[in-house]
Amino acid sequence: MILRSVGAIVLLVGGLTTPAPATATRPNCDYYVSTQGGDRGDGSARSPWKSIEQARDALRAKKGRQTCDIVVNVKAGDYVVDQTIEFTEADSGRDGHRITYRSADGPGKARLLGAKPVTGWQLYKDNIYKTKVDRTFYTLFEDGKRATTARHPNRTSDDLWSPYLFSVLGEPEKEAVRQWLYFKPEDVPKEWDADFDRNSQIVVWSGGSWSWFTDTVPLGGADFRKNFFTLNHWARYSFVNSRSGSRYFLQNTLRFLDQPGEYYFDFANSEVYYWPKGSIDKVMAPTVRTILSLKGSTPEQRVQNLAFDGLALQYSDFVDWYRAGWISEGDSGYEHKYPVYDRQIEMPRNRFGMVTLTNTRDIDLTRLHLSDSGFMGVYLLFANERVKVSDSLLENIGADGIKVEGGYPGEGDISGHHTISNNYIYHVGELVPGDAAGIELLSTGNNTVSNINVKHSARYGISLEVRPEIKPEDNYARNNTFSYIKLEETGLDSGDMGAFYTYGVSNVEPHPMDNHVKQMVITDVINDPAGAMPDSGTRGVHMDAGGCGFTFDNIEVGKVSDDKYQSYQCNQVTNANWADGFDASKMEYDKIGVTGAFPYPIPGAAQ
């Protein structure tokens, strides 16, 4: 718990003090931040600091022992974040005490905004406005809702990614290419050739029928005689395999800006065009990719004993291009025991979230409200231990809601013993539908995941992954427990998946049962028919490329287009509704999902 004495009427908090005689009065250690604060504030209630950065710097400058827990009370209001707020080991709680930054007026009242209003709009033509901007960004928002990059074909719904076009095999010898995508002439009219827009991008489920990952890549050119696009970066997989071309759509071209809620960014001229759904004065553009960064210098010098409670974080940016992982083993350029893991881990350019933690220990993230992220919501990268993410609402997330990514297998078990509990994760994968998950655990163990709702995901609800090549002694995805889980509206835009998914976790007998799942409800897993899915079907539980050594107790799965449960015969299943004899009375429905103590209204629920 962040508040050590929950029932106390008055919070007694401690501070950083120099040694003092026993007769000295206790120093003030309850500090304040307010939008009304000033540069000369001292952090008192009467003269508060103006920002979390100012509070951090003032506490960092204090020397001596920390005699008790510090609470920085951040008053209600909007705090614009122009630069990532960074915490290092110099900002840790010391001497057995913590430092907590909390929303003083209740959960969600102190808001850190990683965006600023876009101004200077002038009518361009019809309903489209245009303005000059002083920075480049890769997502946009109007009145708290993500705008759509102008695209072709237009999406059928704000909540879905479809429809798609399909690549074709332009020449027999071009089946394996990843940088040239051939299109059907009827999909891309020849008249576009005269003014092909060099700002254009492609979003593609590369791999033909494999709907496993999406790539977002700028286009370097188009050949309208041979009907192909050239991509500036290679995609994860080739664009045609034996069964199908790859699903794709084009975006960020002015000619595609043809309906409300769409925008176009002319990067070369630093100009943005937008057709508002409502008021043009309510358009916000991100200023940062990460709002809060906790990063120790090394795994031996960690940020620790910090807590963030009740803060709202809204808006963060995406990237100019994205691909999940490296293409081939060894592509990282470094020697590793398992270089194949290059294909599983994010490239360095994409290792960020709205909240990013690296080299940390004993960090609490509680009662947060994260919304409208460009990429990950909460990202635990590499060496992190005993991080708690609880009682929090994450919604409208660009990629994964919560991602825990350990290090390379066989090189040290550096991430684990985390607690992820009582979180509601709503709308994930908005900008990266491929491989999106409400919670993704990668090469990490000894974690507790409980009382979770994940609703509306292009792909997974929860995933636990390593690699199938990893030897048992180098597999760190052990001793994880998942309980009281509800996964809804998953697999909306992908196939060959499961709402609860594992990859390569255990491939060697005797498969010790050291990962445990109990009391989980998975509602219907049916993908959007307009997505024209060529891949194999949707599943409730999919234990892929190994996925052994699990116990499943009291699991219920709704309708699927493939199997409710796909696995080798290497797990223990007790009372699941894909098997005979399922007893629904053993399901603890009233305990599944977030508890009654959840501090925020449930998105989409009738109030």
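Before reading any accessibility, I noted that buried means under 20% relative accessible area, exposed means over 50%, and partly exposed lies in between (1.4 Å probe, protein chains only). With that rule I looked up Arg-146, which is buried, because its relative accessible area is 14%.

I then noted what I was working with: this is a predicted model, in which local features need pLDDT of at least 70 and side-chain atom pairs count only at pLDDT 80 or more, while totals for chains, interfaces and linings use all residues. Residues are numbered from 1 along each chain as its sequence is written, and side-chain values use heavy atoms, with hydrogens and water left out.

Entry on salt bridges. Side chains of opposite charge can pair when their charged atoms come close. I counted a salt bridge where a side-chain nitrogen of Lys or Arg is within 4 Å of a carboxyl oxygen of Asp or Glu, and by this rule the count comes to 30 salt bridges.

Entry on Arg-146. I found that Arg-146 forms a salt bridge with Glu-430, with the closest N and O atoms 2.7 Å apart. Arg-146 lies in strand β13 (residues 145–146) and Glu-430 in the loop between β36 (419–428) and β37 (439–442), so the pair ties together parts that are 284 residues apart in sequence. For these names, helices (H or I, at least four residues) and strands (E, at least two) are DSSP runs, numbered from the N terminus.

Entry on Asp-91. I looked up its salt bridge with Arg-60, where the closest N and O atoms are 2.7 Å apart. Asp-91 is in the loop between β6 (85–87) and β7 (99–103), and Arg-60 is in helix α1 (residues 52–61), 31 residues apart. Asp-91 counts as buried at 4% relative accessibility, whereas Arg-60 counts as partly exposed at 31%.

Entry on a network. I also found Glu-346, Lys-403, Glu-405 and Glu-440 linked in a network of salt bridges.

Entry on Asp-535. Is Asp-535 buried or exposed? Asp-535 counts as buried, because its relative accessibility is 10%, and its place is in the loop between β42 (515–522) and β43 (538–544). Leaving aside neighbours within four places in sequence, its contacts (heavy atoms within 4.5 Å) include Arg-243 and Gly-495. The side chain of Asp-535 reaches the backbone nitrogen of Ser-211 at 2.7 Å. The C-alpha atoms of Asp-535 and Trp-212, 323 residues apart along the chain, are separated by 9.1 Å.

Definitions and conventions
A polar contact is a pair of N or O atoms within 3.5 Å; within protein, one must be able to donate a hydrogen and the other to accept it, and residues adjacent in sequence count only if both atoms are side-chain atoms.
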